[in-house]
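Subject: Structure handover

Hi,

Here is the structure I promised to pass on.

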Amino acid sequence: MLQVGLGLPGSPRGAAEDFPLDQLGKRSRSYSALMSSGGGDMEARQVPVLIISEAETWDIDASSCMGCGQFVDWDKMPELDQQPSAQSRSLTQTSKELKKLAREGHWATNHALRARAYQQIIQHIPCRLVTPDALVYRDVASRLFGKQSVSSHPLPEFLGGCGMPTYCLTMEGVTAVKKILICLGNLFPDITYSPILPAVVALLLHYSEDEAQCFENVSRLIACNDSHTSYIDQSFLAHQASHMTFGDLANKHCPAAHRLIASTSENVFEVYSEWLGWIFGDLPFDYAIRVLDVYLLEGQKVLYRIALALLRQHGLSVTSRELEVANVKGDLKAFVQNIREHLTVDKLLERAFGIRLFSRKEIWLLQMANRKALAEKGVTVVQRRQLFHLAVDMLNFSSAIVTAQEMRIMWSWIPERFSLFPPVLLFSTSENGYSLQRFYSCCEGYEPTVLLIKTTQGEVCGAFLSSDWNERKKSGGASSFFGTGECFVFSVRPETERYEWVFIKKPELTKAVPRSPRQRLPSPASPVLSTSPRGGHLASSNHLTVPVLQRAKGRLSPYLAIRHFLLPSKTASMFMSGTREGIVIGGGGGQALYIDADLYYGRTEHCETFDNPPLCQENFQVQLLEAWGFQNA
C-alpha cells in the first residue's frame, strides 16, 4: 500500500512538504509548488493520510491538477471541515465503494483530491463515439474568440434566460463559464433547452485544470449513452417532463409537504418547476458540490432524492413555525438558500438517501410517460407553462359531490401527465341514472378515470383508476383484476386522505423483474419503448407471472405495471375489477370499495392492496356517484 499525504483539508492548495521524496518524486514537488502559491504554515496543522492500493485503486493525487482552482476567488469560498478523517480508507475502483465514499464526503475536504476524483469518474462515463474533447475546445474557442472579449458573443438560446450561478468564481472564471457555454452551443446543436448547464459548468470549473478540461468533462455528461444513467436534459420537452416527474414523486413521497403546497398555491406545478433551481442555484456552494459528488456517480436520480429531502424538511419547518405561508414558492427558495440553519450537508444527504424510491427503470418509465403526454399536448418548444398546464378552471368547475377547493386537493394527487388535460364528466347518477351498464358504456374508452361517491350520510370518498374499464372484457366475463400501481383510493369527507398502492410506501418489498441478457433499458434519449397491453394473470404460486413483452406501436410500458415486479402476494395488486354484479376496487383481506350493480349499496373495508382503513361508514348507501375522465388523455 502507498501512503500519500493529501495536504490540508479545506485548503485549496494542499501541502506535501513532508512527503518522502524517494517515494513520491515529482508528485511531492507538485504539491509543494501548489502550497507555495498560498498554502500556509504546515507545522501548525495536521496532514491526513490516504492509503491507496496501487494494484486495485485509482492513483489519486494532484500532480495532474496543478491548475485546478485558478478560477476560484478563495476569499469568497466557505470554510470547509478541516478535521482529518478518523480512519484512513482506500479509494477503490468499485462502483459501490465509490458511491459510499462520495455519499460520506470522502474527498470533500481537499480541493486537489476532489479534482482528481472528478476527472477519473467522468472519464469512466460511457459516451457517444464522437464526443468533443479538450483539443476540439481549444480549436473552436480560438476560432470563435481569438483575442476578443467574450461579451461580444451572445449566450446560447438553450439557456432560456436562466440565471448563472457564479459559485465563488473570479471574473475570469465567469468569463470562462460563458466561453464554455458558447462552445457547447456550437458543438451540440441538438441542445434546445438546458438551463442546468451554467451551474454544472461553474461547479466543474472549480476542479478543472483549464477551460478545455472543463469543457471536455461537461461534454461527456451531455453525450453519456449509459442505458441506466442520465445527467442533463437537453430539450424543453425533457425539461418539463422532469418537472412533472418530480411532481409525481413529491406527491407520493412527501404527502404532507405536497398537501401544504396544494392548499396554499393555486398552481402546484409552478412551485415544483423550481426544483432543479433549489439544487443548482439556491443551495450554498459547499452543499451543491457535495450533491455533485454523488450526481456524477449516480446520475439524475440523485437530484430527485435531494429535492425531495429539501421539500420534506421545508414542510417540517413550516409546521414547526406554525405560520401561514402566503408565498410558498418564495418561502421554499429562501429556506434552501438558508439551509445551514436547518440541516448540515451530511444530514441532508442522509435523509435524501433514506427515501425509498423505485428503480431507475420505473422512474424512467414515468419520465417517458410524461414526455409522451406533453408531446400529445403539443408541448415541444419553449412556452409559458400557464398556457398548457392549468387545465382546470377552478372558478367554473362544477360537481354535485365535491367543492372547488376539495377538487384542487384531489387534482394535486393525480399524476402530472393526466392533469395536463381538462376533466370531463363522463357519468353521473343524477343525469344518467343508477345503472352499472350505463356506467361502463359511458366510461369505456377513457383512461384514467376518477370515481367520486357521496353517501346518504354526507361522507365523500372515491378512487383514481389508471386503466380503461374496457379491460374487464379481456377476462371473458370472469372476475379478474387489472390496473397499475398508480391507482389509489381516497376519502374527502369527513377527513381528506389518500391511500396508494402499498408498495409505493414500501418499495423494498418488491423485487424488480430481472431483464434477460437481450433486454436493455433504453436511454432517456431513445425512442419511446412499446410493449404489450396492461395487466398480468395471477399465477398459482405466490408471485405474479411476468408476461412476455410484445411490441405495440406507440405504446409505453405502463409506469408501475405489475409485470415489472415480483410481488410477495397475489393480493398485492388487486387494483380494479368490474363485472355485471358490481365494481370492486382494492382487494386482499377485504375490499377498499365495492358498489353493487344498482349503484345503490356499497361497502368499504381495509384491503392489502392499498393498506387503507374504511373510507367511510363500512356499509353505506350511495346518494350520488360521478365518474370523471380526461379530455384527449
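Below is what I found in it, from the overall picture down to single side chains.

First, the ground rules. This is a predicted model, in which local features need pLDDT of at least 70 and side-chain atom pairs count only at pLDDT 80 or more, while totals for chains, interfaces and linings use all residues. Residues are numbered from 1 along each chain as its sequence is written, and side-chain values use heavy atoms, with hydrogens and water left out.

On confidence: pLDDT is the predictor's confidence in each residue, from 0 to 100. The protein has a mean of 76, with 71% of its residues at 70 or more. Residues 81–90 stay under 50, and the model gives them 16 contacts (heavy atoms within 4.5 Å) beyond four places in sequence. Residues 514–555 are also below 50, with 83 contacts in the model beyond near neighbours in sequence. Where pLDDT is low, the predicted coordinates should not be read in detail.

Now the overall picture. The protein has 21 helices and 14 strands; these are DSSP runs numbered from the N terminus, helices being H or I with at least four residues and strands E with at least two. Of its 633 residues, 57% count as buried, where buried means under 20% relative accessible area, exposed over 50%, and partly exposed in between (1.4 Å probe, protein chains only). Among contacts between residues at least 6 apart in sequence, 73% join residues at least 24 apart. The accessible surface comes to about 27100 Å², and 48% of that belongs to carbon and sulfur atoms. Areas come from the Shrake-Rupley method with a 1.4 Å probe; for residues, only the protein chains shown count as cover.

Just after α3, G105 has a positive phi of about 75°.

The term stands for a side-chain nitrogen of Lys or Arg within 4 Å of a carboxyl oxygen of Asp or Glu. R103 is partly exposed at 34% relative accessible area, whereas E298 is buried at 6%.

A search of the whole structure finds 21 salt bridges. Another one pairs D210 with R138, the closest N and O atoms being 3.2 Å apart. D210 sits in the loop between α7 (197–205) and α8 (211–222) and R138 in helix α5 (residues 134–144), so this pair ties together parts 72 residues apart in sequence. D210 is partly exposed at 25%, as is R138 at 43%.

K179 and E211 also meet in a salt bridge (3.3 Å, N to O). K179 is in helix α6 (residues 171–187) and E211 in helix α8, 32 residues apart. Both K179 and E211 are buried.

Cheers
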